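Please open the model and follow along.

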Amino acid sequence: MTWLVPDSLWWDGRLQTGAALRDGVTAASGELPAGDPRLRLPGTVLPGLGDAHVHSALVDLETLRAGGLAWVWDLGGEPGSLAALAGRHPWMRFAGPFLTAPGGYPSDRAWAPPGSCRVVRSAADAGEAVAEAHAGGASLIKVTAHAGGPMLAPATLGAVVEAAHARELPVVVHAEGAGTVAAAYDAGADLLAHTPWTEELDDALIRACAGRMTWISTLDIHGYGTPTPERATAVANLRRFLGYGGKARYGTDLGNGPLPPAINPREIRALQECGLTPAGIIAAMTSPDHGEPSWIPGGLDLDPARFADSLATARVLGPEVRPRHILRS
C-alpha cells in the first residue's frame, strides 16, 4: 500500500498539514505504518468539489470533469439519455424528467429536449410519475412551479412529494414567480433548484424555509458577471436565508447561458457576498455521496480576495493525475 501525502489537506472544516491519504483513509497525525511507501503531492487535497445543478443535454460532461468538477447533479432531462450517461459517468446523479403540469414549464421552451418533461395530470398520477423516474435510475425528483404558465395544483404537488419521500428520494422544485416558493415549502419539498430571484421574499417564509430546506445557489445566471436587479434580489434572499441557518448548495445551472464549463469563480464570489466563509463554501460544494477528491496544484489560498480564483483551479484527483505530479519523499 502507498500513502499519499499532500502539502496540505482540507479536512474537518480546516486546512491541515502533515496529513496522509490512502484509499480514502486519512492519517491526520502524519504517523504512517512502518514500511509503507510515501509519495508527496504538491498542493492541497480536498473532498470532491461538485455542481448541484447542471443539464447534461446542454453541456459536455467530460469538459466539466476537466474543469474540476468531481460530481454533478443533473436536474432535468430525457430519462433514457440520462441513464446512459450515468452508466458512463458514475459521478453524475440525476433527477430524470421535469415533472410538470400539462403545458407547464419547461415543456414550452425550445431548449428542453424531447422527452425531458413528464406531465403529471392529477394527484393519482403523481405516484406513477415518481415510480417511472425512480425505475429509470433517478435518485432525485425535479418538479416545476413556474407562475408564468400552468402549474401543478397544491394537492398534486403534495402527492409528488409524498410519493418521492416514500421512496426516500429528495424533491427539488424549480420555483419561479409569486407564490411558488410558498407552494414548494407547503408541499414539503426538500430543495429549491434556484435561489429565488423574482421578488424579495417575506421574512417569515425565508425563516420557515431555512428550518427545513436547502437552496441551490445559481446566482451567476443573473447577468453572468454583470450586476442585474435579479441578481441583487437573489443575493438578498440568500443572505437572509443563510442568516436564519439555512443550508445552501453550490450550483450554477450549467447549460443556461455563458457559464464557464468548470468551477465558476463568479458563483463563489456571489456566495461570499451572501456571507458564506471559505469553509462554508467548501461545505456547499462537497458531498459525502461522492468519493473522488479534488486537488489544487498551487495550494488553497484562504484569503477572501483570492479564495474564489484559487478554488477554481481545483482538478479532480483521479486517474488523469499522472505520476509526474507525484514526488518521491
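Where is Pro106 found? Pro106 sits in the loop between strand S9 (98-100) and strand S10 (117-119), where helices (H or I, at least four residues) and strands (E, at least two) are DSSP runs, numbered from the N terminus. The peptide bond that leads from Tyr105 into Pro106 is cis, with omega near 0°.

A word on the background: this is a predicted model, in which local features need pLDDT of at least 70, side-chain atom pairs count only at pLDDT 80 or more, and totals for chains, interfaces and linings use all residues. Residues are numbered from 1 along each chain as its sequence is written, and side-chain values use heavy atoms, with hydrogens and water left out.

Most residues other than glycine have a negative phi, and most peptide bonds are trans.

| Residue | Phi | Loop |
|---|---|---|
| Tyr224 | about 50° | between strand S14 (214-216) and helix H7 (229-243) |

Now for accessibility, where buried means under 20% relative accessible area, exposed over 50%, and partly exposed in between (1.4 Å probe, protein chains only). Tyr224 is partly exposed, at a relative accessible area of 25%, while Asp253 is buried, at 5%.

Glu168 is exposed, with a relative accessible area of 72%. You can find Glu168 in the loop between helix H4 (154-166) and strand S12 (171-176). From Glu168 to Ser139 the separation is 29 residues in sequence and 8.6 Å in space, C-alpha to C-alpha.
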